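The description below starts with geometry and ends with a single pair of side chains.

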Amino acid sequence: MLVQNTKTAIKQTKLKKLALAGGVSANSYIREKFLKLGKEIGIDVYFPDLSLCTDNAAMIASARIL
């Protein structure tokens, strides 16, 4: 669903570059699908280095209530 909605938005806006960030950008399956989309519709796709991708769920799970 994420890839399809992004594809629709790119077609409507005619953007030529896409950047993914945050925890979702660490997902190898999502990275693969967005790279495939980029090749399919002719756009550049950018991701941060994996060491820069954070997962808020992990931070919340490790937080302690005082």
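Axes here are lines fitted to C-alpha atoms, for helices over the stretch in contact, with angles running from 0 to 180 degrees between N-to-C directions. Helices are DSSP runs (H or I, at least four residues), numbered from the N terminus. The model is predicted: local features need pLDDT of at least 70 and side-chain atom pairs pLDDT 80 or more, while totals for chains, interfaces and linings use all residues. Residues are numbered from 1 along each chain as its sequence is written, and side-chain values use heavy atoms, leaving out hydrogens and water.

Helix α1 spans residues 2–13 and helix α2 residues 28–41; their axes come within 11 Å and cross at roughly 30 degrees. The two helices are therefore roughly parallel, a term for angles under 35 degrees. The crossing of α1 past α2 is right-handed, that is, the near helix is turned clockwise from the far one by less than a right angle.

On the α1 side, L2, V3, T6, K7 and I10 meet K33, F34, L37, E40 and I41 of α2, contact meaning heavy atoms within 4.5 Å. By class, this contact has 6 nonpolar, 1 polar and 3 charged residues.

The whole structure holds 1 salt bridge, defined as a side-chain nitrogen of Lys or Arg within 4 Å of a carboxyl oxygen of Asp or Glu. K7 pairs with E40, the closest N and O atoms being 2.5 Å apart. Because K7 lies in α1 and E40 in α2, the pair ties together parts 33 residues apart in sequence. K7 is buried at 16% relative accessible area, whereas E40 is partly exposed at 49%; buried means under 20%, exposed over 50% and partly exposed in between, with a 1.4 Å probe and protein chains only.

How values were computed:
Angles under 35 degrees count as roughly parallel, over 145 as roughly antiparallel, 65 to 115 as roughly perpendicular and the rest as oblique. Ala, Val, Leu, Ile, Met, Phe, Trp, Tyr, Cys and Pro count as nonpolar, Asp, Glu, Lys and Arg as charged, and the others, Gly among them, as polar.
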